[in-house]
Amino acid sequence: METKCSVDAKCAAEISAMLTPPSPLQLQEYFEEIISERKCHGIEVKQDGNLSKGVYATTELKEGELILKDKILVGLQHVPNKLDCLVCGYCFQFIESVEYQIGRKLYLQSLGVPSCNGCDEGECSSSSSNNKACLPEGVIEALMNGELVLPYSDKFPLPSTVPCPGGCQEAYYCSKSCAQTDWESSHSLLCTGERSESVSIKALSKFIQHATETNDIFLLAAKTIAFTILRYRKLKAANADRSELSLLLEAWKPISMGYKRRWWECISFPDDVDRSDDTAFRMQIQQLAFKSLQLLKAAIFDEECEPLFSLEIYGNIIGMFELNNLDLVVASPVEDYFLYIDDLPDPEKEKAEKIARQLLDALGDDYSICCQGTAFYPLQSCMNHSCCPNAHAFKRDEDRDGQAAIITLKPIRKGEEVTISYIDEDLPFEDRQALLADYGFKCRCNACLEQDPNKK
């Protein structure tokens, strides 16, 4: 039976307005402003008659050229990854010090907390912990409190930790600026600290627990709703004479630019589910989303922004992430540190290698875990797929935060579309088409046209 949400019927007109695609002029103006803010020269976003959009070169681009660095609109670090990496809750760069990062990892390891090196949620394992070497007593504490300074760690400075303005013990930042920006953009509604602006911290904790146990994409959706509510309140304070709907649509504008479908209609079909059970599976996903929405509504409901708490809007927000999200990856300075020690010339290496080797033996294979998460990037989300792309998302050595860096793979002519691959383009034709079907289209790029066994 299809899940019914009372808000969908009550706010049908407002929901329809929110889900109406932006006009070509609105889209052009929005992305021109984004491109200008990000100082991305040489590209533009264009929309065709079918309301789809793409990124195009406005000048000749060379191979290996940085096309853009795109700031995150909404993003999160995967919950299991928080055990391995301490990063800024807003920009996602590593914080505190190399010593603290190592000491914290070893401390959690000593408590039996498993590592999650790229594994799926629920599949973390600490099976190798028994094979890891023990350190002398006091080393872990000395690493964490700053008493033990590792040789050459000054080559890898990290910003000091700034606590959450709301007093929670779950979010930390690299600067007061990041802390304040995150607080004002979404975290003040989603904070479990004593200064939280949520309706109920207890209800919020239940929502977070449910998302952690099921799918942390719900946390991303909650951030989006909190982001929109706080934008609405700020706009209302400055424009008291405007209608609630016009203010809500203005607050919603950054989200309105993303391509959307209901989550339960576009979610990738699991390999372990019989495809004959398609309808039952998608209804189950819809019910899961409704359960999450009810928990979130109990925690942060705002009557003036009620359409945001409809299942239709919630499903479309999550579907937007399902179709447009990009992996958020930030390389670990701990790995960089050990590689630096390994590359030192022998006279210098000798004095540093002993302690480095002890720490590596204690950490085991999980020493180099990077920050892992998911994020929505406004410009990157406009880039269309090709199985023979001319650009890709690639982090350079200097890219140390969560911004998406898009680099050309080959020269791109003026007026040519900039494309990336949503999947592994080295897969066989049939496998690529099956994966891309979840995005709602059949790829007709040059590679697919050439490899299609049914081509005429």
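How many of the residues of strand S8 are buried?

Guide: Before I get to that, a word on what you're looking at. This is a predicted model, where local features need pLDDT of at least 70 and side-chain atom pairs count only at pLDDT 80 or more, while totals for chains, interfaces and linings use all residues. Residues are numbered from 1 along each chain as its sequence is written, and side-chain values use heavy atoms, with hydrogens and water left out.

Now to S8, residues 371–376. Six of its six residues are buried, so the strand is largely enclosed by the rest of the structure. Buried here means under 20% relative accessible area, with exposed being over 50% and partly exposed anything in between (1.4 Å probe, protein chains only). Strands are DSSP runs of E with at least two residues, helices are runs of H or I with at least four, and both are numbered from the N terminus.

Next, look at which way the side chains go. In a regular strand the side chains alternate between the two faces of the sheet. In S8, Cys371, Gly373 and Ala375 point one way, Gln372, Thr374 and Phe376 point the other way, and all of them are buried.

What about its partners? Two strands count as paired if DSSP finds at least two bridges between them. Strand S4 (residues 74–77) runs antiparallel to S8, joined by four bridges. Strand S7 (residues 326–330) is also antiparallel to S8, with five bridges. Thr374 is a handy landmark for both pairings: it is the bridge partner of Leu76, and Asp327 stands opposite it too.

At 5% relative accessibility, Gln380 counts as buried. Setting aside residues up to four places away in sequence, Gln380 touches Asp70, Asn324, Leu326, Ile406 and Ile420; contact means heavy atoms within 4.5 Å.

Four strands form an open sheet in the order S1-S2-S12-S9, with mixed pairing. S1 (43–47) and S9 are the edge strands, each pairing on one side only. Strands of a sheet pair through backbone hydrogen bonds, either parallel or antiparallel. S9 and S12 run parallel and share two bridges, and His385 stands opposite Ile420 in S12. That Ile420 is also one of the residues touched by Gln380.

Carry on across the sheet. Strand S12 (residues 417–420) pairs with S2 in the antiparallel sense over two bridges, with Tyr56 opposite Glu417. S2 (residues 53–57) then pairs with S1, again antiparallel, over five bridges, and Gln47 has Lys53 in S2 as its bridge partner. Helix H3 (residues 24–37) packs on this sheet, touching S1 and S2, and its direction makes about 165° with that of S1. Axes are lines fitted to C-alpha atoms, for helices over the stretch in contact, and angles run from 0 to 180 degrees between N-to-C directions.

Glu96 has a phi near 85°, a positive value in a residue other than glycine, and Glu96 is partly exposed, at 30% relative accessible area.

H4 (98–110) is part of what covers the buried residues of helix H13, and helix H14 (346–363) is included as well. Those buried residues in H13 (residues 333–342) are Pro333, Val334, Asp336, Tyr337, Phe338 and Ile341. The axes of H4 and H13 are 9 Å apart, at an angle of about 110°. The two helices are therefore roughly perpendicular to each other; that label covers 65 to 115 degrees, with under 35 roughly parallel, over 145 roughly antiparallel and the rest oblique. Val98, Gln101 and Ile102 of H4 meet Pro333, Val334, Tyr337 and Phe338 of H13. By class, this contact has six nonpolar, one polar and no charged residues. Ala, Val, Leu, Ile, Met, Phe, Trp, Tyr, Cys and Pro count as nonpolar, Asp, Glu, Lys and Arg as charged, and the others, Gly among them, as polar.
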